[in-house]
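Please open the model in a viewer and keep the selection tool at hand.

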Amino acid sequence: MGLKDAQKGPVMPAIHLVKLEKLFDWGRKNSIWPLPWALACCGIEMMATYASRFDLDRFGILGGFPSPRQCDAIVIAGTVTKKIVPVIKRLYQQMPEPKYIIAMGNCANSGGIFYYDSYNVVKGVDTVIPVDVYIPGCPPRPEALVEGFLKLQEKILGESAAEK
Amino acid sequence: MVEKQEFMINMGPQHPSTHGVFRIVLELDGETVIGAKPEIGYLHRGVEKISENRTYEQVLPLTDRLDYVNAMGNNLAYVMAVEKLAGIQVSERAQAIRTILAELNRIASHLISIGTQGLEVGAYTVFLYCFREREIILDLFERATGGRLTYTYFRFGGLFQDLPEGWVEEARDFCKEFLPHVDEYEDLLIQNPIYKLRTKGIGILNKNIALNYGASGPVLRSTGVSWDLRKDSPYLMYDQVEFDVVYTKNGDVWDRAWIRLEEMRQSTRIIKQLLDNLPEGEVQAEELCRYVVPEERSSYFAVESPRGELGFFLVSDGSLKPYRMKIRSPAFVNLSLVETLVKGEKVADVPLIIGSLDPVFGEVDR
Amino acid sequence: MNERAICVRIEDLKLTLEHLHSEGYNYFSFVTAVDYPDHFLLVYGLVNTGKHEITFIETPLSKDKPVAPSSTGIWKGADWHEREVYDLFGITFEGHPDMRRMFLPEEFEGHPLRKDFQSDEVEKKPEDFY
């Protein structure tokens, strides 16, 4: 298609007029830095998602940022026990706003297979901190984690950082 | 006037290189560790208590989630402990398939261990290479069992189902392609001069201390003790295949990594032999053992997991549910060595030493 | 591996363990407990790596005074195992250097693996649940 053909079609504007906030949100959406918190089995699937075959980097999601102060999301991957609850709360408070939580796996969603009869398992991480995206599965497949991140991106695009 | 003072540093429970939720408080003199206080229990889920309220069959999925990088091995140890308790016989074909899958999972587990060991010294490439081959093993598992990480494939009296068509050829292809990759890891990481400088002579363990602590697996074998339950107390088909028990003498971090690498070669050797002589027949005993009701007695059965002696001590009271289930977890025992090992080492080497013990916290805390 | 089980009284436990250690039982596999209605049962698993032999030592323990001698002086590996038994069963080991809870937080009430353990937060599995 040459230049002449292009001129025949509808005129494409060379300049997009958007609010500056929207630009920020678009940028935030494409550069999520999650705090990977491998608590249990789901942590291994999360590692697999970061590694060769699934490669989370292509969505702008970088791995290996273990400090909550530089992160904008936490992935709670695994069983939450009573002993770890104070640590989760503390790390959540250390994160700068806006912050998002992904609960990965049945254990983090509700207690999962350890719901009944266990004396030490917390029945869902949402009893401790607010959760944005729930990913079911025991453990969820890497594709499910990717889908969870995409849902989080939708959420980020739909709201404004300035309002948060 | 300069004053001297010890410095306390807290590592974990949220730390990138503790391999899970592990906390260790280090007492430092400059850069040298003079004291350490490990703290575990952040993943204590009470599996032993839960299992007292489940039937024997219902406990099986819980064992998957103990040592989650070696779920087949856990299933195997539990299933064989119950079979020993209840006196259930298993067909030859089922035993051979169990051996193959347990060895494949040993490779998958060692791949994670070596890959993360690379991360700890800043070698990211090896991690990616190791996970590339691990995905192929997981594909094989998925074809056979339907799960990537948690399988529940071994059942009392045999297997959930027979291997799908063409699986054996795929596994054979994997074995053929895998061995050159092991050489690749050896060149990239284990024989890399920088890695050698970092890990040789670090975290030295001697034979008597290792035995005294009850360490097992590569941690014990790195000190010059040739103790491997596959050879010393053969179960499944291990007495019918040829393989060597890998052991070294120095007992440092490098030795433990090298043993894991060499064990991957030995596992491939075992798998190859079994794939070539896979017996024909049924994979599940005649009567489907859905409800197992053992007699009133107790039994202990241990297998060699990638981390060492994984044993299940079961007490039955003659009902549908186990009266007591104790899990003898190798990672728990090996991790108790950490206090001894890190003393006198530099603080930068502490993650390496923890990594070389290869703890999996689902199993440590149970 | 050969297996054998010995049942000893609590008074003779320490002597038995020392004797086995001198006999070549160099490898400490585990120690655990079982809660029976009228007594606790301590179970030791000891391995002789030279002779390929595993010996289980069973010792009944009264519920009124659940105290046993520590074997950390003989096998260092007993340290964490004994702390685990203390944590989950409330059996104290005399002579243990650091008798704290192993898994649960210090403020946790009760010893969960006892059969009479009760807690409001534990939700019982319904009988027809699969």
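This is a predicted model: local features need pLDDT of at least 70, side-chain atom pairs count only at pLDDT 80 or more; totals for chains, interfaces and linings use all residues.

Residues are numbered from 1 along each chain as its sequence is written, chains are lettered from A and ligands numbered from 1 in the order in which they are written, and side-chain values use heavy atoms, with hydrogens and water left out.

First, select L278(B), which is in the loop between α11 (253-276) and β6 (298-305) of chain B; helices (H or I, at least four residues) and strands (E, at least two) are DSSP runs, numbered from the N terminus. L278(B) counts as buried because its relative accessibility is 15%; buried means under 20% relative accessible area, exposed over 50%, partly exposed in between (1.4 Å probe, protein chains only). Leaving aside neighbours within four places in sequence, L278(B) is in contact with residues including R93(B), A96(B) and V168(B), where contact means heavy atoms within 4.5 Å.

Next, select C71(A), which is buried at 2% relative accessibility. Its sulfur is 19 Å from the closest cysteine sulfur, in C42(A), too far for a bond; a disulfide is a pair of cysteine sulfur atoms within 2.5 Å.

Then select C138(A), which is partly exposed at 30% relative accessible area.
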